[in-house]
Amino acid sequence: MRQQRLAVVSGGGTGIGKAIAAQLAADGRRVVVLGRRAEVLEQARASIDRAVGAPSVVPVPVDLTDAQQVGEAAAVIAELGPVDVLVNNAGAVITAPADETLAALADAWRRDLDTNLLTAVLLTTALQERLRRPGGRLIMISSAAAQRGGAGAHSAGSYAAAKAALHGWAFGLARALGPDGITVNVLAPGYIEDTEIFGDRWSERFHAEKVADTLVGRAGTPADVAAAVGYLASPAAGYLTGQVIGLNGGAVLGR
């Protein structure tokens with residue numbers, strides 16, 4: 001019997017990550033979902049398995065900023081077979097420090113870099129030799145903030161900088177892994193509703209302003225991101241690599 005192809009999604013318990021995991025499972029893959037909260041991952045597993053109608057999801061709790069835990073998670077994944085698709089989705093906007101000292105600012109920036117960049121670096125490095133050759137797909141979830149800049153040095157500036165760092169790193173990986181038949185792409189969503197990332201900043205006014213910034217007059221959804229990932233993960237996308245793809249309703253124009 002043909003082995004079920006394997007996908008790995010970090011931050012796969014809620015929001016965009018859960019939608020991506022559901023899309024990849026619906027496409028017939030076995031999906032490992034990674035995240036810090038075991039109960040959230042278990043809820044995602046039950047929900048996706050019900051929707052797909054078969055056991056498809058393997059939850060693996062892990063703090064992706066901890067090198068030892070990432071190594072242990074990679075060992076678990078290695079037992080499941082080669083990795084066909086790796087989606088680095090984990091990330092968050094770190095709350096700006098109330099204390100305006102340089103030490104507090106440095107701590108906030110380090111946490112943003114750890115959460116949005118180091119998580120991807122550690123997980124990808126740990127699984128790089130497990131990626132299927134040829135045919136592997138490596139996908140980074142970035143943000144339109146990386147293309148247009150953050151709100152300032154003390155708040156979303158560190159988030160935008162961390163996500164932008166993914167781009168240059170991904171370009172290098174695309175060059176290194178292309179000869180092995182592995183594609184590497186970055187997906188940069190704009191405003192996506194129904195996620196936890198905005199926290200207390202979300203309001204009806206915030207929503208209206210973000211929608212008004214688009215050309216299509218609506219917010220994006222986790223399903224929009226999942227559909228784009230579904231294409232990037234498919235055999236049809238084998239000639240697409242080394243690209244940053246904006247998914248933002250026209251809020252940031254391509255260039």
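## Helix 1 against helix 8

A crossing of two helices is left-handed if the near helix is turned anticlockwise from the far one by less than a right angle, and right-handed if clockwise. Helix 1 passes helix 8 in a right-handed crossing. Helices here are DSSP runs of H or I with at least four residues, strands are runs of E with at least two, and both are numbered from the N terminus.

This is a predicted model, in which local features need pLDDT of at least 70, side-chain atom pairs count only at pLDDT 80 or more, and totals for chains, interfaces and linings use all residues. Residues are numbered from 1 along each chain as its sequence is written, and side-chain values use heavy atoms, with hydrogens and water left out.

Two packed helices are described by the angle between their axes and the distance between the axes. Helix 1 covers residues 15-26 and helix 8 covers residues 222-232; their axes come within 8 Å and cross at roughly 45°. That makes helix 1 oblique to helix 8. Axes are lines fitted to C-alpha atoms, for helices over the stretch in contact, and angles run from 0 to 180 degrees between N-to-C directions. Angles under 35 degrees count as roughly parallel, over 145 as roughly antiparallel, 65 to 115 as roughly perpendicular and the rest as oblique.

From helix 1, the residues that meet helix 8 are Gly15, Ile16, Ala19, Ile20 and Gln23. Their partners in helix 8 are Pro222, Ala223, Val225, Ala226, Ala227, Val229 and Gly230. Contact means heavy atoms within 4.5 Å. By class, this contact of helix 1 with helix 8 has nine nonpolar, three polar and no charged residues. Ala, Val, Leu, Ile, Met, Phe, Trp, Tyr, Cys and Pro count as nonpolar, Asp, Glu, Lys and Arg as charged, and the others, Gly among them, as polar.

## What covers helix 8

Several residues of helix 8 are buried: Pro222, Val225, Ala226, Ala228, Val229, Gly230 and Leu232. Buried means under 20% relative accessible area, exposed over 50%, and partly exposed in between (1.4 Å probe, protein chains only). The cover over these residues includes helix 1, strand 4, strand 5 (137-141), strand 6 and strand 7 (243-247).

## Helix 1 against helix 2

Helix 1 also packs on helix 2 (residues 38-52). The angle is about 35°, and the axes are 10 Å apart. This crossing of helix 1 and helix 2 is right-handed.

Helix 1 brings Lys18, Ala21, Ala22, Ala25 and Ala26 to the contact; helix 2 brings Ala44, Ser47, Ile48 and Val52. The residues of this contact of helix 1 with helix 2 divide into seven nonpolar, one polar and one charged.

## Helix 3 against helix 4

Helix 3 and helix 4 pack at an angle of about 40°, with axes 9 Å apart. The two are therefore oblique to each other. Helix 3 passes helix 4 in a right-handed crossing. Ala67, Val70, Ala74 and Ile77 in helix 3 meet Leu122, Leu123, Ala126 and Leu127 in helix 4. The contact of helix 3 with helix 4 has eight nonpolar residues, no polar and no charged.

Leu113 also sits in helix 4. At 31% relative accessibility, Leu113 counts as partly exposed. Neighbours within four places in sequence aside, Leu113 is in contact with Leu118 and Ala162.

## Asp84 and the loops

Asp84 lies in the loop between helix 3 (67-78) and strand 4 (85-88). With 3% relative accessibility, Asp84 counts as buried. The side chains of Asp84 and Arg5 are joined by a polar contact of 2.6 Å. Such a contact is a pair of N or O atoms within 3.5 Å; within protein, one must be able to donate a hydrogen and the other to accept it, and residues adjacent in sequence count only if both atoms are side-chain atoms. Not counting residues up to four places away in sequence, Asp84 touches Arg5, Leu6, Arg132, Gly135, Gly136 and Arg137.

Pro82 lies in the loop between helix 3 and strand 4. At 27% relative accessibility, Pro82 counts as partly exposed. Pro82 and Arg133 are 51 residues apart in sequence but 9.0 Å apart in space, C-alpha to C-alpha. A cis peptide bond joins Arg133 and Pro134, with omega about -10°. Pro134 is found in the loop between helix 4 (102-127) and strand 5.

## His167 in helix 6

His167 is in helix 6. At 9% relative accessibility, His167 counts as buried. Residues up to four places away in sequence aside, His167 touches Ser142, Ala146, Gln147, Val186 and Val244.
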